[in-house]
Amino acid sequence: MAEVFVLALSFPSVVFTVLLGVVLIYWTFVMVGVVHIGEGSEGALDGHIDGATKGMLEGAVDHMGGGHADVGDVGGGDGDFDIDADDAAEGSHGALAALMSALHLRSVPATVVFSLIITFAWLVSVVSMQLISRAAPALLGVGTSFLVLLAAFVLALPLTSIAARPLAKVFAPKHAPVKSDFIGRTCVVRTGTVTSKFGEATLNDGGAGLVLRVRIEDGKQLGRGEQALIVDYDAERETYLVEPMRDLLEAKK
């Protein structure tokens, strides 16, 4: 346990440890009712990812002793290929956004996704550093730590995708059906007849069923128990215009 504690407070795991602390505080507030889980927004999640990526890059740069936004010269010291942490974060943000869409990470609220990503990244980081320190301590260094930092974050994405998919149904927004949604569905006449001024029918909605006020054009007939197709909705009279299914089937023959 002491070893895990030390690793959790050492680079690179400390980055995720701090973020995990923020996550725990947030969910504590959720449980006591101080804040509520919203439906989530892609913009909020993108902001979290952008900030986390930028923070990891800048933290890694500072840890390597630069204390400067430039990671270093790739072109041999002439400064021709300076890599700026802000530019790297911006490029990583676009790639991560595309990857998150591919992994269906937008199907649950942003706060849940962000919490899962940080949790899995923390676990991967701590376990990886523990394995490296035991199996190959000679490999420990700034470069290895930086690779573990990025690898933990990337590996957390598919793990989060697997964990978040069962939660998609729980957080799926439920919208009450509007009256126009019933157009194109079939109903069953429940009154003795349906005319242009009177009639009711039942619609199977997957539950107890709905009773609709239905009307038919003059000259057509519908009796009790017959099926009808809903073809329009009259908002002024709050009734549905229906057509006999038998007529529609005969027209297809």
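**Notebook: salt bridges and strand pairing**

I searched the whole structure for salt bridges (a side-chain nitrogen of Lys or Arg within 4 Å of a carboxyl oxygen of Asp or Glu) and found 5. The model is predicted: local features need pLDDT of at least 70, side-chain atom pairs count only at pLDDT 80 or more, and totals for chains, interfaces and linings use all residues. Residues are numbered from 1 along each chain as its sequence is written, and side-chain values use heavy atoms, with hydrogens and water left out.

I looked up glutamate 200 and arginine 190, which form a salt bridge with the closest N and O atoms 2.5 Å apart. Glutamate 200 lies in strand β5 and arginine 190 in the loop between β3 (186-189) and β4 (193-194), so the pair ties together parts that are 10 residues apart in sequence. Strands here are DSSP runs (E, at least two residues), numbered from the N terminus.

I then followed the network of salt bridges that links Glu217, Lys220 and Glu243. Glutamate 217 meets lysine 220 at 3.9 Å, N to O. Lysine 220 also bridges to glutamate 243, with the closest N and O atoms 2.5 Å apart. This pair links lysine 220, in the loop between β6 and β7 (222-223), to glutamate 243 in strand β9, 23 residues apart.

I checked the strands next (pairing requires at least two DSSP bridges). β5 (residues 200-203) and β6 (residues 210-215) pair in the antiparallel sense over 4 bridges, and threonine 202 stands opposite valine 211 in β6. β6 and β9 (residues 239-244) pair in the parallel sense over 2 bridges.
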